[in-house]
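I opened this file to look up a few local sites. My notes follow the order in which I checked them.

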Amino acid sequence: MPVKYICCECGKKYDPTTLAFRCECGGLFNLEEFDFTFSKEDILNNEWSLFRYIKALPFDKDFDLWQYVTMGEGLTPIVPLDNDNTNILVKVDYLMPTLSFKDRGAAVLISKVKELGIKKVIQDSSGNAGNSIAAYAARAGIECDIYVPESTSAKKIKQISSHGATVHIIQGTREDTARAALNAVEKGEGFYASHVYNPYFYQGTKTYAYEIYEQLNGEIPKTIVIPVGNGTLLLGCYYGFKELYDLGLIKEMPKFIAVQSEKCAPIYKAFKEGKNSVDEVTNAGTLAEGIAIAKPMRGKQILEAIRATNGIIITAPENKINEARKYLAQKGFYVEPTTAATFAGFLTYYNENRHHLNGKVIIPLCGAGLKKD
Ligand SMILES: *Cc1c(COP(=O)(O)O)cnc(C)c1O
Ligand SMILES: [Zn+2]
């Protein structure tokens with residue numbers, strides 16, 4: 001039985017063959033809960049990509065089109081940051097076909113798009129999600145238009161166009177870019193393969209949790225640090241750990257420490273004020289372009305997820321980003337500024353709270369340094 005979309009506002013259900021990208025009431029789609037069983041024995045041990053967890057993904061039993069889409073994404077290393085403190089682990093999620101964690105979501109979403117027989121996709125992004133969708137669309141033989149803000153790094157734009165996608169560079173803010181892409185979708189120019197709107201993207205990012213479970217033999221760390229812009233990694237991670245918890249495979253949910261840029265922190269602000277919904281803020285400009293989302297569409301869900309893990313939100317100090325980038329490089333990890341910002345936020349928090357943080361913590365290194373000068 002195919003899993004349905006369910007509107008997060010009014011609860012109306014849609015068959016996933018719909019070309020609509022949100023409910024007629026304007027609400028975003030979630031995926032309806034689906035029943036599945038999963039244990040260690042269900043991992044496909046001879047599949048060296050995140051599709052080794054296909055039994056936990058919402059596809060039909062005989063679905064095999066993913067084999068024409070996968071590029072071996074996932075299975076990224078978890079290693080100690082350095083040899084002095086083996087409680088701080090990094091998950092090197094920039095070791096991906098297009099050098100960011102977004103490949104997790106793109107591999108699963110484009111597999112679904114291929115199943116639906118869609119010929120052309122449209123997407124908007126500040127860079128990395130566009131890189132991923134462009135690459136996976138190319139691999140799947142699907143035409144692709146990507147909308148990016150003018151501030152996007154030249155290297156990311158070159159990467160997108162190299163995959164054969166048409167790049168539309170939009171003047172103004174990240175939100176203006178989203179509007180331009182939506183206009184094209186509404187004109188019927190293509191299917192909206194959005195990492196923000198389409199729930200299949202989050203089914204891909206949830207494998208981040210399944211991997212941690214497999215790689216650490218079920219010993220999930222107490223604390224998980226996650227950068228948050230639109231929340232695709234955070235929500236995916238939440239779904240993944242929640243499923244593992246509900247399946248009885250882990251005994252406790254890890255606590256989430258979400259990181260926003262201090263120059264663009266709408267979710268942080270709502271969290272601090274005890275609100276249940278997120279108001280738009282003005283992006284004051286930051287090196288952490290990958291998390292600078294002034295109006296996160298799933299803000300409410302992100303707040304709920306963080307609170308459900310008994311988690312917190314912190315901000316990344318702008319004046320520590322370059323220093324953090326250098327620090328990580330001197331440990332051997334060359335990351336892009338958004339990832340350095342995530343780390344800078346964590347390090348500031350860690351230095352003030354290290355006595356409260358017992359046990360291990362995992363920080364993702366989400367984007368590679370070569371994506372940006
Ligand atoms: C996309 C991205 C993020 C933030 O992810 P969201 O889904 O927007 O929360 C963080 N770091 C890097 C490198 C990214 O590409
Ligand atoms: Zn609705």
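**Entry 1: zinc ion (ligand 2).** I noted at the start that this is a predicted model. I listed the protein donors of the zinc ion and found the SG atoms of Cys7, Cys10, Cys23 and Cys25, at 2.2 to 2.3 Å from the ion. Next I checked the geometry: the angles among the four donor atoms run from 103 to 119°, and the site is tetrahedral. Every angle has to fall between 85 and 135 degrees for that label, so the site qualifies. Along the chain, the donors of the zinc ion have the spacing C-x2-C-x12-C-x1-C.

Cys25 has a relative accessible area of 44%, which makes it partly exposed.

**Entry 2: Ser100.** I found Ser100 in the loop between strand S5 (88-91) and helix H1 (102-115). Its relative accessible area is 1%, so Ser100 is buried. Which residues does Ser100 contact, leaving aside neighbours within four places in sequence? I recorded Asp93, Tyr94, Asn128, Ser132, Cys366, Gly367 and Lys371.

**Entry 3: ligand 1.** I counted 17 residues around ligand 1, the closest being Lys102, Asn128, Asn230, Gly231 and Thr232. Asn128 had already come up as a contact of Ser100.

- A backbone N or O atom of Gly229 is at 2.8 Å from an oxygen atom of ligand 1.
- For Gly231, a polar backbone atom is 2.7 Å from an oxygen atom of ligand 1.
- For Thr232, an N or O atom of the side chain is 2.5 Å from an oxygen atom of ligand 1.

I also checked the cover: on its own, ligand 1 has 380 Å² of accessible area, and the protein covers 96% of it.

**Entry 4: helix H9.** In H9 (residues 299-308), I marked Gly299, Gln301, Ile302, Leu303, Ala305 and Ile306 as buried. What do the buried residues of H9 pack against? The partners are S3, helix H7 (232-246), strand S11 (255-261), helix H8 (266-272) and strand S12 (312-316). Just after H9, I noted that Asn310 has a positive phi of about 65°.

Methods: Residues are numbered from 1 along each chain as its sequence is written. Chains are lettered from A and ligands numbered from 1 in the order in which they are written. This is a predicted model: local features need pLDDT of at least 70, side-chain atom pairs count only at pLDDT 80 or more; totals for chains, interfaces and linings use all residues. Side-chain values use heavy atoms; hydrogens and water are left out. Donors are N, O and S atoms within 2.8 Å of the metal (3.2 Å for Na, K and Ca); water is not among the atoms, so sites may look incomplete. Four donors count as tetrahedral if all angles lie between 85 and 135 degrees; four count as square planar and six as octahedral if opposite donors are over 155 degrees apart and all others between 65 and 115; anything else is irregular. Buried means under 20% relative accessible area, exposed over 50%, partly exposed in between (1.4 Å probe, protein chains only). Helices (H or I, at least four residues) and strands (E, at least two) are DSSP runs, numbered from the N terminus. Contact means heavy atoms within 4.5 Å. A residue is near a molecule or strand if one of its heavy atoms lies within 4 Å of it. A polar contact is a pair of N or O atoms within 3.5 Å; within protein, one must be able to donate a hydrogen and the other to accept it, and residues adjacent in sequence count only if both atoms are side-chain atoms. Accessible areas come from the Shrake-Rupley method with a 1.4 Å probe; for residues, only the protein chains shown count as cover.
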